[in-house]
Amino acid sequence: MSSAEFQPLSVNVEQGPSGRVLNAAGEIDTLTAPELRSRVEQSLPAAGEVLVIDLSGVTFLSSAGLSVLAWAHQEADTAGGTVRIVTSAGTARVFELTGLAETLNLFGSLTEARG
C-alpha cells in the first residue's frame with residue numbers, strides 16, 4: 001500500500017444532546033489504536049451517561065481497534081454508563097466475524113445511536 005492510500009486517523013469529540021459523540025475517520029490499526037484509546041479514555045461515560053463512537057468514517061479496523069472498542073464497552077459498563085458504536089460499511093462485517101456484534105451496542109447510523 002502506498003502512503004497516498006493510507007488514511008491517517010482523525011478523532012473529534014463533541015457534546016451531543018444525549019452525551020458525547022466521538023467521531024473517528026481513517027484507519028484504525030496497531031499504530032493508530034493508542035490514539036483512539038486515549039481519546040475514548042478521556043470521554044468514557046459515567047453512570048447513566050452515553051458515549052457514541054461513530055466509525056462511519058473509518059475505512060479499516062484492525063484487531064487492535066476492536067480491542068479498544070471492547071475495552072471501552074467494558075469500562076463504561078463497569079461505571080454504569082453505555083457505549084454505542086456506529087458501524088460503517090467497512091467495519092460492520094468485522095464485528096460479525098469476530099462475534100463482537102453479540103456483545104457491543106452496534107448501530108447503523110448516528111441518528112439511531114443517539115436515540
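The legends below accompany close-up views of a predicted model.

**View 1. The buried face of helix α1.**
Helix α1 spans residues 33–43, and within it Ala33, Leu36, Val40 and Ser43 are buried. Seen down the axis of α1, these buried residues fall within an arc of 90°, so they line one face of the helix. An α-helix has 3.6 residues a turn, so residues three or four places apart point the same way. The partners against which the buried residues of α1 pack are the strands β1 (10–16), β2 (19–28) and β3 (50–61), together with helix α2 (63–79).

**View 2. Arg37 and the ring of Trp71.**
In this view Arg37 lies over the face of Trp71, at a distance of 3.8 Å from the ring centre. As for pairs between aromatic rings, a search of the whole structure finds zero of them.

**View 3. The salt bridge between Glu14 and Arg114.**
The count of salt bridges in the model comes to one. It is formed by Glu14 with Arg114, whose closest N and O atoms are 3.3 Å apart. Glu14 lies in strand β1 whereas Arg114 lies in helix α4 (residues 110–114), so the pair ties together parts that are 100 residues apart in sequence. Glu14 counts as partly exposed, because its relative accessibility is 38%, and Arg114 likewise counts as partly exposed, at 29%.

**View 4. The largest nonpolar core and Phe95.**
The largest nonpolar core holds 26 residues, of which Ile53, Leu55 and Phe95 touch the most other members. Two or more residues are given to this core by each of the elements β2, α1, β3, α2 and β4, and the largest share, seven residues, comes from α2.

**View 5. Val83 in strand β4.**
Val83 is placed in strand β4, which covers residues 82–86, and Val83 is buried, with a relative accessible area of 2%. Although Val83 and Leu51 are 32 residues apart along the chain, their C-alpha atoms are separated by 4.9 Å. When neighbours within four places in sequence are left aside, the contacts of Val83 are with Pro45, Leu51, Ile53, Ala72, His73, Ala76 and Asn105.

Gly90 lies in the loop between β4 and α3, where Gly90 is partly exposed, with a relative accessible area of 44%. Between Gly90 and His73 there are 17 residues in sequence and 20 Å in space, taken from C-alpha to C-alpha. Ala101 belongs to the loop between α3 (92–98) and β5 (105–107), and, with neighbours within four places in sequence left aside, Ala101 is in contact with Phe95, Glu96 and Leu106. The C-alpha atoms of Ala101 and Ile28, which are 73 residues apart along the chain, are separated by 18 Å.

Conventions:
Residues numbered from 1 in each chain as written. Predicted model: local features only at pLDDT ≥ 70, side-chain atom pairs only at ≥ 80, totals over all residues. Heavy atoms only, no water. Buried < 20%, exposed > 50% of the residue type's maximum accessible area, 1.4 Å probe, protein only. Helix = DSSP H or I, 4+ residues; strand = E, 2+ residues; numbered from the N terminus. Arc of directions from axis to C-beta. Contact = heavy atoms within 4.5 Å. Phe/Tyr/Trp six-rings, centres within 6.5 Å; stacked < 30°, edge-to-face > 60°. Lys NZ or Arg CZ within 6 Å of the ring centre and 35° of its normal. Salt bridge = Lys/Arg side-chain N within 4 Å of Asp/Glu carboxyl O. Core = buried A, V, L, I, M, F, W, Y, C linked by side-chain atoms within 4.5 Å.
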